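Please read this short briefing alongside the sequence and the model.

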Amino acid sequence: MNQEKYNPTAITLHWLVALLIAIAFSVGHYMADLELSPWKLKVFAWHKWVGVTIFVLVLFRMLWRASHTPPALPAGMSKLMKNLSGLAHMAIYLLMLAIPLTGWLHSSAAGVTVVYFNVLTLPDLVGKDKALSSLFKEIHESLNWALLGLVILHVAAALKHQLVDKDNLLNRMRW
Amino acid sequence: MKYIILSVVLVLAALWSLGEATASGIISDKSSITFVGKQMGAPVEGRFTRFDADIVFTPAKLAQSHARVSIDLSSIDLASDESESEIKGKSWFNVAAFPKAIFESTAFRALGGERFEVSGRLSIKGITRDLVVPMQFHTVAGVQTAEGSLELHRSDFKVGEGVWADPDSVAEAVQVRFKMALKP
Ligand code: HEM
Ligand code: HEM
């Protein structure tokens, strides 16, 4: 079946961001349980750098998406399904921005400035405030669970298209 | 009646000048001790919420001026509860054995205008070092205030030992800022 695809830039961004999110998510959970040590501080810094990279890539990805029409969805999909899929994608995009933002807010409120790759000092979004810092930490964590839920749904949907509907939807996200 | 008013004025004037000469103690909520360190190259701020100071400072009588500041190290406010309990522990401040940091002035020097230089000794964790601290003495909202900043090196006081000695994870230099609002 020869159907339309996303353009190569969109495809590359999709898989690159998916990979980086998997890394940031795993590293985030690993580091949160570590005992305070120089190692923990290092891993925290790396996590932030990966997270900020995702933030920038997603901003670019959204601009790219807004200026390039995606391929039409398979004809076999109901209107409701098309809308639901659009809604889910929208929610994933929002979370991909909100998660790094709350991480950055958490860090600022903790009194720790984010210095991207030890070079670029990002502005503190809020002043030091411990209560606010724990609040953003909680939100950062909850949003991550929400994203995990949506990604599981997303992958299940992709597999359903592939294996049940057999409309080869996955091919749209392959170079 | 005239004499009563005159004597009241005189007594008040005497009290006033007495008060000025013996200014001692600070107004806690207008005073602050904050600091900025660096971890993994990123600035981290914190502060001490409990400290006390005995300050007798008269620009015209520097020889009689004196300052002693005592900081309750367990009052440190850092990024998280976890880092606060770590920094109170043995490898950092060891507050159980050394609860306070103490600065005691030895001399004041005028640098012109509102600027002064305070020489003194700072003791942290059982180690005493000589310091020279630049300060500005001026009136902020009607309150005489001494402000300044200095750079400390944590290894001078063995703050952060063992695995924490590595300056790549936590930098050596710590910028300390102080603001002491003197009681009238
Ligand atoms: C962290 C992991 C992932 C995230 C955040 C993510 C996010 C997204 C987003 C936002 C879109 C919508 C693209 C658009 O139309 O603008 C999308 C599309 C797509 N994703 Fe993912 N994705 C992830 C992982 C995966 C995985 C593991 C698969 C494969 C099983 C997959 C398969 C697809 C496919 C086939 C599409 C195209 C859907 C369509 O044709 O409209 N994704 N993804
Ligand atoms: C999409 C990007 C990101 C993902 C997927 C992500 C994921 C996570 C996860 C899963 C955790 C563990 C939550 C927990 O169990 O407590 C975490 C913690 C954390 N994240 Fe992120 N994060 C991202 C971006 C960022 C950014 C950009 C920053 C800061 C600039 C950041 C700062 C933090 C911090 C400081 C923690 C530790 C919370 C704590 O224990 O104090 N994250 N992150």
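How many Å separate an oxygen atom of ligand 1 from an N or O atom in the side chain of A:R65? The distance is 2.5 Å, in a predicted model where local features need pLDDT of at least 70, side-chain atom pairs count only at pLDDT 80 or more, and totals for chains, interfaces and linings use all residues. Residues are numbered from 1 along each chain as its sequence is written, chains are lettered from A and ligands numbered from 1 in the order written, and side-chain values use heavy atoms, without hydrogens and water.

**Ligand 1**
- Around ligand 1 there are 20 residues (a heavy atom within 4 Å), and A:Y6, A:H14, A:R65, A:H154 and A:R172 come nearest.
- The side chain of A:R172 has an N or O atom 2.4 Å from an oxygen atom of the ligand, and for a polar side-chain atom of A:Y93 the distance is 2.6 Å.
- Helices α1 (8-32), α2, α3 (79-109) and α4 (130-165) of chain A each supply at least two shell residues.

**Nonpolar core**
- The largest nonpolar core has 70 residues; such a core is a set of buried Ala, Val, Leu, Ile, Met, Phe, Trp, Tyr and Cys residues joined through side-chain atoms within 4.5 Å, where buried means under 20% relative accessible area with a 1.4 Å probe, protein chains only.
- Its largest share, eight residues, comes from helix α2 (residues 38-67) of chain A.

**Chain B**
- Chain B has two helices and 10 strands (DSSP runs: H or I, at least four residues; E, at least two).
- Of its 184 residues, 39% are buried.

How values were computed
Buried means under 20% relative accessible area, exposed over 50%, partly exposed in between (1.4 Å probe, protein chains only). A polar contact is a pair of N or O atoms within 3.5 Å; within protein, one must be able to donate a hydrogen and the other to accept it, and residues adjacent in sequence count only if both atoms are side-chain atoms.
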